[in-house]
Amino acid sequence: MAIRFSPVQLRTPYRFDNRDPLNVYAVYATEIDCPEGETPLEWMLTTAVVDTIEMAATILRWYTSRWRVEEYHKIFKSGCQSERYRLAAVGMKTMLGFLSVIAVELLHVTYLHRTQPDAPALEILNPVQMEVLKAGRSKKLPSTLTVAWAVKSVAALGGFQLHRSQLLKQAQRIQNTYRS
């Protein structure tokens, strides 16, 4: 990556009464030696004071975590339904602390499911959790219990149902089995 940084002034949007420009720093990064046929990566970020190349590189490194942070917030708000609770201050602090831990665990499980679905299920479940999932299954267990199996099993316990297209594929597989 080639990295450049500089102080810049941004015009204030028309809808604001204060028309003074905003003083920020820009960090501009471009990919060098990009693979042929690919579009080089380019990032233009605005940030607080950046006065060394090391600080500019740090800002870029922080930015690479942006998507994981956004995924965490999505899990925290949607998966944990954190906005649903209306508790008094002390109770809400306790609840948010509890939900934060759950959101981090779900983020970890989601990441492993995407990157290592064939890893052993023990990567995300302890032995007691494994026994509970095994006991709750009406179908025959697969020969290898993987992260993908664990995620699907937990989702099924939570009431998750397959998307219509996945249900159709599953129905076709069953039909083909009976025809054979």
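**One residue and its surroundings**

If we set aside the neighbours within four places in sequence, Ile124 is in contact with His108, Val109, Leu112, Gln129, Val147, Ala150 and Val151. Contact here means heavy atoms within 4.5 Å.

Before going on, a word on the model. It is predicted, so local features need pLDDT of at least 70 and side-chain atom pairs count only at pLDDT 80 or more, while totals for chains, interfaces and linings use all residues. Residues are numbered from 1 along each chain as its sequence is written, and side-chain values use heavy atoms, with hydrogens and water left out.

Back to Ile124, which sits in the loop between helix H3 (89-115) and H4. Helices (H or I, at least four residues) and strands (E, at least two) are DSSP runs, numbered from the N terminus. Is Ile124 buried or exposed? Ile124 counts as buried because its relative accessibility is 16%; buried means under 20% relative accessible area, exposed over 50%, and partly exposed in between, using a 1.4 Å probe and protein chains only. From Leu106, Ile124 is 18 residues away in sequence and 9.7 Å away in space, C-alpha to C-alpha.

Next, the cores. A nonpolar core is a set of buried Ala, Val, Leu, Ile, Met, Phe, Trp, Tyr and Cys residues joined through side-chain atoms within 4.5 Å. The largest one has 11 residues: Leu112, Ala119, Ala121, Ile124, Leu125, Met130, Leu133, Leu145, Val147, Trp149 and Ala150. Helix H4 (127-135) and helix H5 (147-157) each give at least two residues to this core, and H5 has the largest share, with three. A second, separate core holds eight residues, among them Val27, Leu45, Val50 and Ala56.

Strand S2 contains Leu22. At 46% relative accessibility, Leu22 counts as partly exposed. Outside four places in sequence, Leu22 is in contact with Val8, Gln9, Leu10 and Thr12. Leu22 and Gly37 are 15 residues apart in sequence but 38 Å apart in space, C-alpha to C-alpha.

Last, the cysteines. Taking a disulfide as a pair of cysteine sulfur atoms within 2.5 Å, the count is zero. Cys34 is partly exposed at 23% relative accessible area, whereas Cys80 is buried at 8%.
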